[in-house]
Amino acid sequence: MITDVRVPLEHQQPYRTAYEQMLEKVRYEGAYPTREKADEAVRLVLGGLGRQLTGDERVDLVGRLPLEAARVLTAQIPDTKPLTGWAFVKDLAARSGASLATTRWDTGSVFAAVTAHAGPELITRILHQLPTGYALLFGRAELTPAA
């Protein structure tokens, strides 16, 4: 078991169990037929998010995700020019060879599980860092200030 000294021992989970629970949430949210399909979606979307997210928000998210998911996110070097939400989906679709609709579905399914781990405050901070278009991917309204 991998332990985290910041979390009391009675609340710690073996790293594999936490990741498997995340996969089950993604599988349920995305109606994937197998855990392997959910894992593919998680790896694709978290890899993409790892190329977009920087700073304290990246560090804080890594600390809240299961270890395996955190490794996928941190294996990516952030791009110098972040993508909008729509460009993010198009980039993932091009990398995976899937349709835009399927990739949008995958993104929403994975981001629902990420939100469950991160909590609303961190997701709000992440959305403030990223360009427009990500709020809808995280299941939130995209609010813009009045002109």
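The structure is a predicted model, in which local features need pLDDT of at least 70 and side-chain atom pairs count only at pLDDT 80 or more, while totals for chains, interfaces and linings use all residues. Residues are numbered from 1 along each chain as its sequence is written, and side-chain values use heavy atoms, with hydrogens and water left out.

The chain has eight helices and zero strands; helices (H or I, at least four residues) and strands (E, at least two) are DSSP runs, numbered from the N terminus. Read from the N terminus on, the elements therefore follow the order α-α-α-α-α-α-α-α. Of the 147 residues, 39% count as buried, where buried means under 20% relative accessible area, exposed means over 50%, and partly exposed lies in between (1.4 Å probe, protein chains only). The accessible surface of the chain comes to about 8,200 Å², and 57% of this belongs to carbon and sulfur atoms; the areas come from the Shrake-Rupley method with a 1.4 Å probe, and for residues only the protein chains shown count as cover. Among contacts (heavy atoms within 4.5 Å) between residues at least 6 apart in sequence, 62% join residues at least 24 apart.

Helix 1 (residues 15-30) holds Glu20, which counts as partly exposed because its relative accessibility is 31%. Glu20 and Arg35 are 15 residues apart in sequence, and their C-alpha atoms are 8.6 Å apart in space.

Now to the aromatic rings. A pair of aromatic rings is described by the distance of the centres and the angle of the planes. Rings of Phe, Tyr and Trp (its six-membered ring) pair if their centres lie within 6.5 Å; planes under 30 degrees apart count as stacked, over 60 as edge-to-face and the rest as tilted. The structure holds three such pairs. The rings of Phe88 and Tyr134 have centres 5.4 Å apart and planes at 55°, so this pair is tilted. Phe88 lies in helix 5 (residues 85-96) and Tyr134 in helix 8, so the pair ties together parts that are 46 residues apart in sequence. Phe88 is buried, at 1% relative accessibility, and Tyr134 is buried with a relative accessible area of 1%. Phe111 and Phe138 form a stacked pair, 4.0 Å centre to centre with 5° between the planes. This pair links distant parts of the chain, with Phe111 in helix 6 and Phe138 in the segment after helix 8, 27 residues apart. Both Phe111 and Phe138 are buried. Phe88, Phe111, Tyr134 and Phe138 form one aromatic cluster.

Finally, a word on confidence. The mean pLDDT (the predictor's confidence in each residue, from 0 to 100) of the chain is 90, and 86% of the residues reach 70 or more. Among the elements, helix 1 has the lowest mean pLDDT (90) and helix 5 the highest (98). Over residues 1-5 the pLDDT stays under 50. Where pLDDT is low, the predicted coordinates should not be read in detail.
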